[in-house]
Amino acid sequence: MSKVVLVTGASGGIGCACARLFAASGYKVAVHFNNTQAPAAALAEEIGGFLVQAELSDEAQVARMFEKIRSHLGAVDVLINNAGVAQRKLFDKTARADYEYLFSGNVLSAVNCSREAVKDMLHRHSGAIINISSMWGVSGASCEVLYSASKAALIGFTKALAKELGPSSINVNCIAPGVIDTRMNADLSPEDMAALAEETPLCRIGKAEDVAKAALFLASADASFITGQILGVDGGFIV
């Protein structure tokens, strides 16, 4: 029987790559979106996935989304908490609204989805949760202080949840992407991207597929003894 994966924020670059790769690997894919329905719907049609919508910071909406997935595909075996938001701003220009935006989008969303997924995983004593953080959650970034803090919180969440769920044979890991060629970096100039590629030991910008392949590995039986880990997919940027 095919396993079920939920990819949150599947209309974005990394989410889209994950959905395509997992579908090609035989998974039944729940394709989540919040506001960007058109690209998510096109992706779901392309891969034969099941389209679901929810504001992930809203517990009730998340619960309804999981119930729809259970009804149409079955219980979620693999949860990829990919949905997230970014912000570049000087710290002294930030406000409470910025904090709430980033922590709701990057942390609360993962907490709400994980809580729902765990209900079935605990019952079956199996499952995998993969959180998509950032290399800035590991090292911090100037002008992205609150973003870095939210992604660091996701790393702490990963480590703690892995310890709690380990006795139930549920794996919880985190991927910390480096500079990836997605819409999130669309505001960077070609010169900025070239400079970042030069700073990267592998001398290139990452692809969304690089992250998707790491996620597929962490979801596989080959990673069954790996939990609570932070896998950097950053070309060696953070060492």
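What follows is a short exchange on the pockets, cavity, salt bridges and sheet of this predicted model.

Reader: What makes a space a pocket, and what a cavity?
Author: A cavity is a set of points where a 1.4 Å probe fits but cannot get out. A pocket is an open set with protein on both sides within 12 Å along at least five of seven lines. Lining residues have an atom within 4 Å of a point.

Reader: What is the volume of the largest pocket, and how is a volume defined?
Author: The largest pocket has about 1,200 Å³. A volume is the space filled by probe spheres set on the points, with grid points joined across faces, edges and corners.

Reader: Which residues lie nearest the centre of the largest pocket?
Author: Ala83, Gly84, Val85, Ala86 and Met184, out of 45 lining residues. The elements giving two or more residues to this lining are α1 (13–24), β2 (28–33), α4 (96–124), α5 (135–139), α6 (145–165) and α7 (190–199). Helix α4 gives the largest share, four residues. Helices (H or I, at least four residues) and strands (E, at least two) are DSSP runs, numbered from the N terminus.

Reader: How does the lining of the largest pocket divide by class?
Author: It has 19 nonpolar, 20 polar and six charged residues. Ala, Val, Leu, Ile, Met, Phe, Trp, Tyr, Cys and Pro count as nonpolar; Asp, Glu, Lys and Arg as charged; the others, Gly among them, as polar.

Reader: What about the second largest pocket?
Author: Its volume is about 200 Å³. It is lined by 14 residues, with Lys3, Gly127, Ala128, Asn171 and Ala219 closest to the centre. Strand β5 (127–132) and helix α8 (208–219) each give two or more residues to that lining. By class, the lining holds six nonpolar, five polar and three charged residues.

Reader: How many cavities of 30 Å³ or more are found?
Author: The search of the whole structure finds one. The largest cavity has a volume of about 30 Å³. Its lining is Gln87, Lys89, Thr94, Leu102, Cys143, Glu144, Val145, Leu146 and Tyr147. Helix α6 gives the most, three residues. The classes are five nonpolar, two polar and two charged.

Reader: Why is the contact of Arg70 and Glu67 called a salt bridge?
Author: A salt bridge is a side-chain nitrogen of Lys or Arg within 4 Å of a carboxyl oxygen of Asp or Glu. Arg70 and Glu67 meet at 3.4 Å, N to O, so the pair qualifies. Both lie in helix α3 (residues 59–72), three residues apart, about one turn of the helix.

Reader: What does Arg70 tie together with Glu116?
Author: Their closest N and O atoms are 3.6 Å apart, again a salt bridge. Arg70 lies in helix α3 and Glu116 in helix α4, so the pair ties together parts 46 residues apart in sequence. Glu67, Arg70, Glu116, Lys119 and Asp120 are linked in a network of salt bridges.

Reader: What makes β3 and β7 edge strands?
Author: The open sheet has seven strands in the order β3-β2-β1-β4-β5-β6-β7, with parallel pairing. Strands β3 (50–53) and β7 (230–233) each pair on one side only. Two strands pair if DSSP finds at least two bridges between them. Strand β4 (residues 78–81) is joined to β5 by four bridges, so the two count as paired. Ile80 stands opposite Ile130 in β5.

Note on methods:
Residues are numbered from 1 along each chain as its sequence is written. This is a predicted model: local features need pLDDT of at least 70, side-chain atom pairs count only at pLDDT 80 or more; totals for chains, interfaces and linings use all residues. Side-chain values use heavy atoms; hydrogens and water are left out. On a 1 Å grid over the protein atoms alone, a cavity is a set of points where a 1.4 Å probe fits but cannot get out, and a pocket is an open set with protein on both sides within 12 Å along at least five of seven lines; lining residues have an atom within 4 Å of a point.
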